[in-house]
Amino acid sequence: MLLSVATRSKQIRRTGVRCVSQLTPRNRLSQMFIPTSKEKVAASNADAVASHSLMLKSGFIRQSSSGIYSILPIGLRTIEKIEKVIDEEMRAIGGQKLALPLVLSSEMWKKTGRWDGMGSELFKLQDRKESDLLLAPTHEEEITQIVANELSSYRQLPIRLYQIGRKYRDEMRPRSGLLRGREFMMKDLYTFDESLETASVAYDDVQGAYNKIFRRIGVPFAVAEADTGNIGGSRSHEYHILSAAGEDNLLTCYKCNYTANEEKATGVLPETHEAALKAQSTTTPAGDNFLQLLNPSSAHSLGVQFATIKASLVDKHGKRTILEDNALVAAVSSSSREVNFLKVYEVIRKHMESKVAPDQQFVRSEISLTPSVPDTISSSQSVHLIIDESAEEGIEANEDTLQNAMKKLSCKDIIVHPKGDYRVAHEGDFCPSCHTDNVSSKLITEKAIEIGHTFLLGTKYSDALDCSFTPREPANAPKLPAQMGCYGIGVSRLSAAVIESLHDDAGMIWPTSIAPYRACILVADNKNPESNDIAEKLYDELNAQVSINDPLCNEVVLDDRKGGFGFKIRDAEMIGYPFVVIVGNKTRTNGMVEIRERIKGQKSHQIELPITEAVAHLKQRVAEKLAV
């Protein structure tokens, strides 16, 4: 027997069960699981940031364990909206979505060297057969294996595949909520092309798509030149949201917009630095021992950092050829500048790979630099001398002593690399992009949160995993490895980074494009039946889909909870709805509603309108904000 709605409602009130889809089609806060808190929710670590505290307090997330979080319904709405923007822009450049497994075999990871290379960051496990497995931190190996098994001809290229899913890294010190967790959500796009030229075009296409994604989301962002890290490749950029909570340091020129991560940045030495070098003592140490001469405590203008080098090449069968087992690098800079060992590493890597015979096939090089302070240099050691431009004055002042020390050095051999920029760039250096005769802006340092990264991988993974194809010409030519790129966006991190950029003392301030709801109708007195009726009619009008792109369809929530007006408006500001529509006494007496627009660091912009005009006004304002 079918029961009437009234009878069903009575049963529900007795049992406490709600059937939202059948009995309450409107989005009602009274029937949603949003466990907000009046009190400040303390995060579990001392360095908690605003986004972590606000997401806990507003019922967006709850912590499961260290670095692992459950995303609650209102938080998931925001995540899904970020994913929707990403989906649309990825498909616009030919991306096809797929789903990849979270548990991966170690086999491909051992072939690329990352099973051991990534060290303790990997969540490693074994099945009942004691086969090595891992929780996916990224999917280069998996996607390359899939394509390798299907690819045979250039006619199948280009290929653009992407996924949005969970990833895992065993962070030593998870912190700051979703900004640095052990489980996180990411978008990964992988591209396969037949040449470096077409792969570079794909890289440019993705950069354009990324710019559209972050503009649509509606938060200021910066693009920085970056190091390729353990992902590898020849070209790399990072996407950042500027925030004091960020762990990355960017060096930026406001004159030409040059921006680079401090690991990659270069800077032109200011004249004041060169003048200071000339003014330094040029007294050489007593004696002419090479190590003594380059000791940072010596009374001259040179500084040095040492590292031992281990280098080998690995072919596709896993055979390893050792190039260096105990070489030494001496990186010389001025005593006031630190050596950037990422830059030194690139010089050593290129040098080692250049030693390979043309007929020797290898899929990767394995090179490590380990900082050390040697007491002596043995006759079996090679010494790589790398001199930064900042050491030029010191080298000239000590040239004779340096040459004598090198002649007497009883090492295997000395390799002097070309002088260049091997130092850490500093705030106050001149911009390398627009510098002319000291007429340029000085670089400034800004803290930032990395939210995306792009890599032009080349053939690092396709070589190792035999992802190759028959080229278009010449006839009977050997197969070529596919040129690859990988492009990531941290979806869950992005949601937290937006909060870091857009919040104030009252709470979060969501951009309209990804707000959990774009408008909240707040009933000031929900004990009054007339107010409730007006609010529900207003909800229906705002929620009505008058066109396919209606900006408020399913984007309105009704705050019909029991409680005072102050409690509700504080919750609305904390959650960060872009617009709040207040149904109060004036609505009942003269048909006026108050519309509040959330603005960072300011009192919400308020306007009163007749109900008959409020719907059109609000839809227009939302559409305008989405069009920015």
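This is a predicted model: local features need pLDDT of at least 70, side-chain atom pairs count only at pLDDT 80 or more; totals for chains, interfaces and linings use all residues.
## Aromatic pairs

Residues are numbered from 1 along each chain as its sequence is written, and side-chain values use heavy atoms, without hydrogens and water.

The whole structure holds six aromatic pairs (ring centres within 6.5 Å, taking the six-membered ring of Trp; planes under 30 degrees apart are stacked, over 60 edge-to-face, the rest tilted). The centres of F60 and W510 lie 5.9 Å apart with planes at 15°, so this pair is stacked. F60 is in the loop between α3 (50-57) and β1 (61-65) and W510 in the loop between β23 (507-508) and β24, so the pair ties together parts 450 residues apart in sequence. Y203 and Y487 make a tilted pair, 5.8 Å centre to centre with 55° between the planes. Y203 belongs to helix α8 (residues 196-217) and Y487 to strand β21 (residues 483-490), 284 residues apart. Helices (H or I, at least four residues) and strands (E, at least two) are DSSP runs, numbered from the N terminus.

## Helix α19

Helix α19 (residues 611-627) has buried residues A614, V615, L618, K619 and V622. Seen down the axis, these fall within an arc of 120° (directions from the helix axis to the C-beta atoms), so they line one face of the helix. T612, A616 and A627, on the other side, are exposed (over 50%).

Methods
The expected span of a helix is 1.5 Å times one less than its number of residues. Buried means under 20% relative accessible area, exposed over 50%, partly exposed in between (1.4 Å probe, protein chains only).
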